[in-house]
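Please look over the sequence and the structure shown here before reading the report that follows.

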Amino acid sequence: MKLVETDSETLQWFPTHMRWNSNDEREEWAELCALALLSAHEKRPKRRRIKAVRQQLDSFAEVLSGLAPADQTFLFIPLPDDVPVPAFILMAECEGDRESTLRQIVQADAESVVRPVEVEPFATERLGEGLRSTRYWSTPDGQLMVTVRYGWRVEASGVDLCFYMVWDDPGRMAAYTDIVDEFARSLWVSDTE
């Protein structure tokens, strides 16, 4: 089984499951994440503060599988009171022309309501040469959204890889672009077999 891993040491990215074996498992995960997140920002977080963040994370993780299909997910939580932004990972066996596939992965030719999709090369040490795109779009009720997608063909692992995040606040996305790029550069594919 192939997994995407990271060696990022920032306490802003939390690996999570799309589906849980039990409510207890999910609640335990939320408790550990709340403790780590709060400990990174507060000297001695109070029990009620931990409980509030745990409940927010637990509620978010409970509905995560309904948001988008994914093989793996990380939650980006820069500050304890921020609403998490999921970062989804999709993997498929390498197929077709590399450039065409990468353009498809990053939705380079999709419609964009504000301006054309911005596509640029994005290289990482472990995943190699890829593409990064920024696409603005709107929901049926007119909410401006932005999707940031990264795509790579990882020949050594035999996979085409997509890492993406959907933001409901373009300004917030712009403020965290460098942090998200840095996290994308920390990813690699491992084979657990």
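## Strands, core and pockets

Strand β7 is mostly covered, since 10 of its 11 residues are buried, where buried means under 20% relative accessible area, exposed over 50%, and partly exposed in between, computed with a 1.4 Å probe on protein chains only. The structure is a predicted model, in which local features need pLDDT of at least 70 and side-chain atom pairs count only at pLDDT 80 or more, while totals for chains, interfaces and linings use all residues. Residues are numbered from 1 along each chain as its sequence is written, and side-chain values use heavy atoms, with hydrogens and water left out. Helices (H or I, at least four residues) and strands (E, at least two) are DSSP runs numbered from the N terminus.

β7 pairs with two strands, and strands count as paired if DSSP finds at least two bridges between them. With β6, which spans residues 128–138, the pairing is antiparallel over 9 bridges, and R135 has T147 in β7 as its bridge partner. These two strands, β6 and β7, form a hairpin with 5 residues between them, and G142 in the turn has a positive phi of about 90°. β7 and β8 also run antiparallel, joined by 9 bridges, with V146 bridged to W167 in β8. The hairpin of β7 and β8 has 4 residues between the strands, and G158 in its turn has a positive phi of about 70°.

A nonpolar core is a set of buried Ala, Val, Leu, Ile, Met, Phe, Trp, Tyr and Cys residues joined through side-chain atoms within 4.5 Å. Of the 28 residues in the largest one, W13, W152, L161, F163, M165 and W167 touch the most other members. Leaving aside neighbours within four places in sequence, L161 is in contact (heavy atoms within 4.5 Å) with V4, I89, L90, M91, I105, L127, Y150, G151, W152, V154 and V189.

R26 is buried, with a relative accessible area of 6%. The C-alpha atoms of R26 and E62 are 7.7 Å apart, although the two residues are separated by 36 residues along the chain.

The table sets out two pockets. On a 1 Å grid over the protein atoms alone, a pocket is an open set of points where a 1.4 Å probe fits, with protein on both sides within 12 Å along at least five of seven lines, and lining residues have an atom within 4 Å of a point. Grid points are joined across faces, edges and corners, and a volume is the space filled by probe spheres set on the points. Ala, Val, Leu, Ile, Met, Phe, Trp, Tyr, Cys and Pro count as nonpolar, Asp, Glu, Lys and Arg as charged, and the others, Gly among them, as polar.

| Pocket | Volume | Lining by class |
|---|---|---|
| Largest pocket | about 290 Å³ | 11 nonpolar, no polar, 2 charged residues |
| Second largest pocket | about 240 Å³ | 7 nonpolar, 4 polar, 4 charged residues |

Of the 13 residues lining the largest pocket, F60, L67, P84, P86 and V166 lie nearest its centre, and β4 gives the most to this lining, with 3 residues. In the lining of the second largest pocket, β1 gives the most, with 4 residues.
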